[in-house]
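Welcome! Please take a moment to look over the sequence and the structure shown here before reading on.

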Amino acid sequence: MGKDWMDNKTVIITGASGGMGKGVAEKLIKEHGCTVIGIARSEEKMKKVVEELGEYADKFSYQLFDVAVEQNWIDFVGYLNENNIKPDVLINNAGILPKFDRFQNYTVEYIKKAMDINFYSAVYSIHALLPILLESDSPAIINIDSSAALMTLAGTSVYSASKAALKSLSEALREELRGKCYVGIVCPGFTKTDIFRDQDSADAKAQKMLNMVSTSCDRMVKMIMNDIQTKKPLGVHGFDAAFMNYFGRIMPVQGGRLFSAVMKMSKLPLFDAVFKD
Ligand SMILES: NC(=O)c1ccc[n+]([C@@H]2O[C@H](COP(=O)([O-])OP(=O)(O)OC[C@H]3O[C@@H](n4cnc5c(N)ncnc54)[C@H](OP(=O)(O)O)[C@@H]3O)[C@@H](O)[C@H]2O)c1
């Protein structure tokens with residue numbers, strides 16, 4: 001174990017029951033001796049995380065709650081205080097990927113739900129935890145954002161809006177807390193996790209395409225860990241994310257048209273709801 005600012009820290013990470021959150025939690029524990037409090041809703045998945053941690057399991061505990069509800073965060077702060085737990089690092093990672101669809105096809109209720117999980121969860125967690133984090137010698141907040149915050153495609157209105165909001169919030173915090181607290185933003189591109197569960201699974205061609213452009217979860221976790229270790233202000237990972245970062249900057253309007261043309265040409269059923277009239 002090399003010497004690192006993250007070594008032996010107490011870390012809170014949301015979405016630790018699966019995907020990238022689980023991977024980051026495991027690395028923090030095994031490679032940095034961290035004590036990790038994981039947050040998610042499924043006890044079954046959390047029990048599996050504990051089981052897989054084996055001899056390291058005593059470094060991991062979990063709290064089961066919906067990150068999209070503010071009161072849950074207020075109660076969580078109460079739990080930390082009662083148990084004299086002093087966290088150093090908060091990683092906002094829990095998120096959902098709404099089904100690829102046209103804006104008008106989402107109900108307003110669903111849009112609010114997606115914003116609550118992907119954006120307001122970070123608002124609530126940071127608001128509730130910042131005073132405690134700032135008591136640490138090396139406080140940190142890392143928000144797992146998305147390449148969708150770098151460029152918006154047709155079919156991703158809600159997801160992109162939630163992730164763009166998270167990016168803007170994080171950028172303001174980075175400046176407001178400069179010198180007091182490390183604020184990191186990570187924008188992964190497509191990564192092989194279960195997050196695609198709500199997409200059209202019958203579309204085998206789309207699955208194949210997603211697999212082709214996706215980075216493995218292990219590799220993405222390594223890149224996220226490297227960002228955190230080096231206190232990188234912004235990490236953009238995966239070739240698709242690099243692509244979106246580039247086009248989002250040099251062709252903010254025409255880039256979207258170009259991607260729409262490619263998606264239409266692909267004739268994938270995945271994009272039917274967006275382009276078929
Ligand atoms: N995979 C990708 O291609 C990709 C690309 C760019 C960005 N991202 C972002 O990376 C983050 C992690 O994604 P992932 O791919 O690892 O997803 P994942 O495999 O679906 O895992 C999501 C995690 O979030 C938890 N979660 C979801 N909703 C929650 C809620 N309301 N309250 C508490 N926990 C909740 C889930 O646990 P429970 O089900 O147990 O609650 C699970 O542990 C997300 O923010 C996502 O937007 C992913």
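Predicted model: local features only at pLDDT ≥ 70, side-chain atom pairs only at ≥ 80, totals over all residues.

The report below covers the ligand and its surroundings, and then the packing of some helices.

## About the model

## Who surrounds the ligand

Let us begin with the ligand. There are 31 residues around the ligand, and those that come nearest are Ser-17, Arg-41, Tyr-159, Thr-191 and Thr-193. Sorted by class, this shell holds 13 nonpolar residues, eleven polar ones and seven charged ones.

## Polar contacts and burial

In Ser-42, by contrast, a backbone N or O atom lies 2.9 Å from an oxygen atom of the ligand.

How much of the ligand does the protein bury? On its own, the ligand would expose 890 Å², and the protein buries 96% of that area. Two elements give two or more residues to the shell around the ligand: helix 1 (19–32) and helix 5 (157–176).

## How the helices pack

Now for the helices. Helix 3 spans residues 70–82 and helix 4 spans residues 108–133; their axes come within 9 Å and cross at roughly 25°. An angle under 35 degrees counts as roughly parallel, so helix 3 is roughly parallel to helix 4. The crossing of these two helices, helix 3 and helix 4, is right-handed.

Helix 4 also packs with helix 5, at an angle of about 15° and with the axes 8 Å apart. Helix 4 and helix 5 are therefore roughly parallel to each other. Their crossing, that of helix 4 and helix 5, is right-handed.

Technical notes
Residues numbered from 1 in each chain as written. Heavy atoms only, no water. Near = heavy atom within 4 Å. Polar contact = N/O pair within 3.5 Å; in protein donor to acceptor, adjacent residues only side chain to side chain. Areas by Shrake-Rupley, 256 points an atom, 1.4 Å probe, with all protein chains shown as cover. Helix = DSSP H or I, 4+ residues; strand = E, 2+ residues; numbered from the N terminus. Nonpolar A, V, L, I, M, F, W, Y, C, P; charged D, E, K, R; others polar. Axes fitted to C-alpha atoms, helices over the stretch in contact; angles between N-to-C directions. Parallel < 35°, antiparallel > 145°, perpendicular 65-115°, else oblique. Left-handed = near helix turned anticlockwise from the far one by under 90°.
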